[in-house]
Amino acid sequence: EMNGQTSNQLIREGNRLFSSKKYAQSEILYRKAVDKDVNNAIANYNLGRSLQEQKKNAEAKKFYEAAAKLEKDPIRQSSSYNNLGTIFQNEKDYTKAIEAYKNALRHNPNHNNARYNLELCKQKQKQQSSNDKKNKSNKDKDKKKQSQNKNQKNNQKKNNQQKDKQDM
């Protein structure tokens, strides 16, 4: 009987489904585990993972953040921050990704993925800000020759939309 199960039993059941890549089904059990015990760090973390596997990233972030706050074990805390970092990194929010990876390393200095991704995000952030500067100076030039650029801008829009699809 489901109701009789403790949050830890629900987590174990969810883990079996998760390892069989049944993410939507594992999500249901992790949610029940969180409902039973809101302060269960592992339930929050695992729910975050099952959501991230299903690309439900906005919600996954909430549960990773909760897990990071609730968790007492620094290695597991580090994992919550690392996974938060991966979501921000995929969203190209490098500032937040960098912050998350730094937190991961504070709790677990041996987290090599977090260290690697932290450096990667720092590079990407530099590229991003230099691109922003380039774009700004281009915009100023554009004002002088707006009429010529209308067609180019329409083409750029098409290209950008294609890029977005490839990124997904």
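In which helix is the place of Gln-25? Gln-25 lies in helix H2, which covers residues 23-36; helices here are DSSP runs of H or I with at least four residues, strands are runs of E with at least two, and both are numbered from the N terminus.

Good morning. The model I am presenting is predicted, so local features need pLDDT of at least 70 and side-chain atom pairs count only at pLDDT 80 or more, while totals for chains, interfaces and linings use all residues. Residues are numbered from 1 along each chain as its sequence is written, and side-chain values use heavy atoms, leaving out hydrogens and water.

I begin with the overall fold. The protein chain contains eight helices and zero strands, and its pattern along the sequence reads α-α-α-α-α-α-α-α. Of the 168 residues in the protein chain, 36% are buried, where buried means under 20% relative accessible area, exposed over 50%, and partly exposed in between, with a 1.4 Å probe and protein chains only. Taking contacts (heavy atoms within 4.5 Å) between residues at least 6 apart in sequence, 47% join residues at least 24 apart.

Let me return to Gln-25. Its relative accessible area is 41%, so Gln-25 is partly exposed. Its C-alpha atom is separated by 7.5 Å from that of Gly-14, eleven residues away along the chain.

Next, the interior. A nonpolar core is a set of buried Ala, Val, Leu, Ile, Met, Phe, Trp, Tyr and Cys residues joined through side-chain atoms within 4.5 Å. The largest one has 32 residues, and Leu-47, Tyr-64, Leu-84, Tyr-101 and Cys-121 have the most contacts inside it. Elements giving two or more residues to this core include helix H1 (7-19), helix H3 (41-53), helix H4 (57-70) and helix H7 (112-144). H6 gives the most, with seven residues.

Tyr-64 deserves a word of its own. Not counting residues up to four places away in sequence, Tyr-64 touches Tyr-45, Gly-48, Arg-49, Gln-52, Ser-80, Asn-83, Leu-84 and Ile-87.

Finally, I turn to one helix pair. The axes of H3 and H4 come within 8 Å and cross at roughly 160°; axes are lines fitted to C-alpha atoms, for helices over the stretch in contact, and angles run from 0 to 180 degrees between N-to-C directions. H3 and H4 are therefore roughly antiparallel to each other, a term for angles over 145 degrees. Among the residues that meet there are Leu-47 and Gly-48 in H3, and Phe-63 and Tyr-64 in H4.

Notes
Parallel < 35°, antiparallel > 145°, perpendicular 65-115°, else oblique.
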